[in-house]
Amino acid sequence: MLRWGIAAAAIAALLVVYLLWWSPGPKPGPHDIIVQEGSTVASVARQLEKKGAIPGTARTFYAMARIFGSGDPIQAGEFAIPKGMSASSILDLLQHGKPLQRLITVTEGMPSIVVAEKLATNRYLTGQLPQIAEGSLLPDSYSYERGEPRAAVVERMQAAMAKTLAALWPKRKPTCPIGTKEEAVTLASIVEKETGKASERRTIAGVYCNRLRIGMKLDADPTVIYPITKGKPLGRRIKRSELHSDDPYNTYAHPGLPPGPIANPGKESIAAVLDPAPTKALYFVADGTGGHVFAQTLAEQQANVKRWYDIRRARGEM
């Protein structure tokens, strides 16, 4: 009888251990937990108990972790604990799993003012937002962890741009009168704003390089808009007074490049101005399909503009 009693007690103990450590966890979930730097198994166990993520108590979780766990330290970061995860799997996730990472995306041609707004209103980031120079960020999707400083995210974006420029600059062709990396980013930002078609980037870059080479004004609408909106959409037609404004960014009023970028250009637009398409075109205008038609002479351009206006009138846009 005694032997049977001991066996029954052992089986019961093993069952309790299984239920508390290896069996699926509580039904509610998933659970989100933030582990601070330097947290211990004991402190994290208390968080897990409060969240309802583990069967039993923080004490039982801690005891089981000491007996059955690896002894490796808990990682800092944010972790998503799936519904029904066992206590043993939770410990393994916190010790060896990947902290949850979130993404923030900077699209090609996004101005720094919009990037700053995205970072400032992101509730998962912390700290002050530094000033972000226009054109200093490389458009891409960037991962970040909850609680990460905003300044650290900006630094990564700027480091990516610096790395891209360092890789592309030595490959530049002598076909565009661009003297510095900063000038390349400035012209690339204009190209980025002028077209959404990847196939046109190098040709539009070629047109602007031709104009720069002969001292002809760029006459780029996005440079007129930039001082008004800091790169955000204008939402209306450009006024004649704005085309004639003396603002240094206005390339209708001033020859050469504007004082700086008007957006954050992507890698492909930077590559386009460093290796523009061979073209004799000096002009381009929208063709009504989302692209542009190019011209070598003013007469050709005027005819193309007339066709574009006819399209707009037929659409009721003029």
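A crossing of two helices is called right-handed if the near helix is turned clockwise from the far one by less than a right angle, and left-handed if the turn is anticlockwise. In this predicted model, the crossing of helix H2 and helix H3 is right-handed.

**Helix packing**

Helix H2, which covers residues 41-51, packs against helix H3, residues 58-68, at an angle of about 135 degrees, and their axes are 8 Å apart. H2 is therefore oblique to H3, since angles over 145 degrees count as roughly antiparallel and those of 65 to 115 degrees as roughly perpendicular. On the H2 side the contact is made by Val41, Ala42, Ala45, Arg46, Leu48 and Glu49, which meet Ala58, Phe61, Tyr62 and Ala65 in H3. Sorted by type, the residues of this contact of H2 with H3 comprise eight nonpolar, no polar and two charged.

A second pair is formed by helix H5 (residues 112-120) and helix H6 (residues 150-168), which pack at an angle of about 145 degrees with their axes 10 Å apart. H5 passes H6 in a right-handed crossing. Here Val115, Leu119 and Ala120 in H5 meet Arg150, Val153, Val154 and Met157 in H6, and the residues of this contact divide into six nonpolar, no polar and one charged.

How many disulfides does the distance rule give? The count comes to one disulfide, and the bond joins Cys176 to Cys209 with an S to S distance of 2.0 Å, which falls within the 2.5 Å cut-off for such a pair. The torsion about the S-S bond of Cys176 and Cys209 is about -90 degrees, so the disulfide is left-handed. Because Cys176 lies in the loop between H6 and H7 whereas Cys209 lies in helix H8, the pair ties together parts that are 33 residues apart in sequence.

Are these two cysteines buried or exposed? Cys176 is buried, as its relative accessible area is 7%, and Cys209 is buried as well, with a value of 1%; the cut-off for a buried residue is under 20%.

The loop between H6 and helix H7 (181-194) also holds Pro174, which is exposed because its relative accessible area of 79% is over the 50% limit. The C-alpha atom of Pro174 is separated by 8.1 Å from that of Leu274, although these residues are 100 residues apart along the chain.

**Positive phi angles in loops**

Most residues other than glycine have a negative phi. Against this background, the phi of Asp219 is near 50 degrees, a positive value in a residue other than glycine, and the phi of Lys230 is near 60 degrees, likewise positive. Asp219 is found in the loop between helix H8 (201-214) and helix H9 (221-229), while Lys230 has its place in the loop between H9 and helix H10 (240-243). Both count as partly exposed, Asp219 with a relative accessible area of 29% and Lys230 at 42% relative accessibility.

The table gathers the accessibility values of the residues discussed above.

| Residue | Relative accessible area | Class |
|---|---|---|
| Cys176 | 7% | Cys176 is buried |
| Cys209 | 1% | Cys209 is buried |
| Pro174 | 79% | Pro174 is exposed |
| Asp219 | 29% | Asp219 is partly exposed |
| Lys230 | 42% | Lys230 is partly exposed |

Key. Residues are numbered from 1 along each chain as its sequence is written. This is a predicted model: local features need pLDDT of at least 70, side-chain atom pairs count only at pLDDT 80 or more; totals for chains, interfaces and linings use all residues. Side-chain values use heavy atoms; hydrogens and water are left out. Axes are lines fitted to C-alpha atoms, for helices over the stretch in contact, and angles run from 0 to 180 degrees between N-to-C directions. Helices (H or I, at least four residues) and strands (E, at least two) are DSSP runs, numbered from the N terminus. Contact means heavy atoms within 4.5 Å. Ala, Val, Leu, Ile, Met, Phe, Trp, Tyr, Cys and Pro count as nonpolar, Asp, Glu, Lys and Arg as charged, and the others, Gly among them, as polar. Buried means under 20% relative accessible area, exposed over 50%, partly exposed in between (1.4 Å probe, protein chains only). Angles under 35 degrees count as roughly parallel, over 145 as roughly antiparallel, 65 to 115 as roughly perpendicular and the rest as oblique.
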